[in-house]
Amino acid sequence: MQLTGKKILVIGAGISGFAAAKIAKKFGADVTLSDAKLESDLKYDFDELRRLGIGLKFGRQTDDQLDGVDLIIVSPAVPIKIPLLKEASARSIEIISEVELAYDLARSPICAVTGTNGKTTTVTLLGLLLETAYEKVGVGGNIGVALSEVALEVGAGGAIAAEISSYQMEATKHFRPRVSAILNVTPDHLKRHGSMEVYQAMKEKIFAQEEPTDYVVLNYDDERTRGMIDRAPCKVFYFSRQTALDEGAFVLDGDLVIKIDGKIEKLCSIAELGIKGAHNVENALAASMVARLAGATAEKMSEVLKKFTGVEHRIEFVRELDGVKYYNDSKATNTDSAIKALETFDGGIILIAGGDDKGTDLTEFMQLVKARVDELILVGDAAARFKQSALDNGIGDEKIHEVGYSMSAAVKLARSIATADQIVLLSPACASFDMYDGFEQRGRDFKRLVNGLGVER
């Protein structure tokens, strides 16, 4: 992509917006970064952008910002349907996402992973697996590092592991990974996308531009992803925790294996796998299949699978105190992810849930809460709806505790009622924006509070 001499408008501050603005400026573009919020409401330092000569526009966005603009780069947090972007489309101004910019800049193959749950764990593991085959590996995207920055840093001769969200795919047109994967598709982000059909379509865009020489890895156990083979323009490989496949990654007699070209390659046993839980078996299978198609070998991947113990905020062990284990699962921002966390433990759970409510159906989640949770502690905006759903699903009122908007109160209450051999689990099944800037801040606050608990009651 030619950026030199172009007038570029970047819409949306944040990790992606900052990176896109700096890169476009580096390549000789006239760049303005626009955000609908006031600068005082944004928790970023814009001094670096000012020093680079990047224009800044905050607050109400007006159509005159489009005058003379050749290209718009949109951050994932910005919906494609906002009035400014509608007007840009009417003027035939090209609109791309930051990940599309990354693809245009990349000189190494991109291995891109999407799905409702498991992306961060899978992509983090994928990056480590790719390191067994490449000297230069970058990990970026929805994982907290702008993909465009990673693409430039890796350059040629390496590989890129990319976590891709449905938001990031909205404004893509020709994004083409060498290998892609879709882990699962369950209800999420419906307020943004409007329906499951649109949400799934955004996920499928990850392979839409691939060619017959490319690959997509799909979850055979998930009905929605299994059927995507009918729309995939590339070679499809499945992964499955439940079924022995003719080709792909699956579990065979307690071992994670890959079958390719008629040969079975053992990775490691489930018992040896460093990340625990059925959902993590799936994540490991997916990451291994993607890495294998990208050039890694089963033999070298085996040790990585045994040593990798997971990522921050995903069923992360915090500490044990008086026989009670505390786990941070703040990344569980939807019910499906929280269900996977509950399924990891046999029971005896003190669950802290709630937050910024996504409005999804709670029945399946609450049925599992009824079966495995001893005490339910609710926080944030979602508390009232979660309590009513808990009652509707047969959970006794005496087991439900509301603590308002205080994680400190939730942790103190959990500490006071938990007994030896029980588990205190933060798995909110909600976003965090009613109380925090993101799930990372929520998880770190939970860990700070847990680590601050005294030894004596």
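Q: Which residues lie nearest the centre of the second largest pocket?
A: Thr186, Asp336, Ile339, Lys340 and Glu364, out of 20 lining residues. This is a predicted model, where local features need pLDDT of at least 70, side-chain atom pairs count only at pLDDT 80 or more, and totals for chains, interfaces and linings use all residues. Residues are numbered from 1 along each chain as its sequence is written, and side-chain values use heavy atoms, with hydrogens and water left out.

Q: Which elements give two or more residues to that lining?
A: Those are α11, α13 (335-344) and α14 (363-372). The largest share, five residues, comes from α13. Helices here are DSSP runs of H or I with at least four residues, strands are runs of E with at least two, and both are numbered from the N terminus.

Q: What volume does the second largest pocket have?
A: About 480 Å³. That is the space filled by probe spheres set on grid points, which are joined across faces, edges and corners. On a 1 Å grid over the protein atoms alone, a pocket is an open set with protein on both sides within 12 Å along at least five of seven lines, a cavity is a set of points where a 1.4 Å probe fits but cannot get out, and lining residues have an atom within 4 Å of a point.

Q: OK, cavities then. How many of 30 Å³ or more turn up?
A: Three, searching the whole structure.

Q: Switching topic: in what order do the six strands of the open sheet come?
A: They run β15-β16-β20-β17-β18-β19, with mixed pairing. Two strands pair if DSSP finds at least two bridges between them. β15 (316-321) and β19 (400-402) are the edges, and each has a single partner strand, so one side of each lacks a neighbour in the sheet.

Q: How many bridges join β17 to β20?
A: Four, between residues 349-354 and 423-426, and the two strands run parallel. Isoleucine 349 sits opposite isoleucine 423 in β20.

Q: Last one: which residues of α9 are buried?
A: Met196, Tyr199, Gln200, Met202, Lys203, Glu204, Ile206 and Phe207. Buried means under 20% relative accessible area, exposed over 50%, and partly exposed in between, using a 1.4 Å probe and protein chains only.
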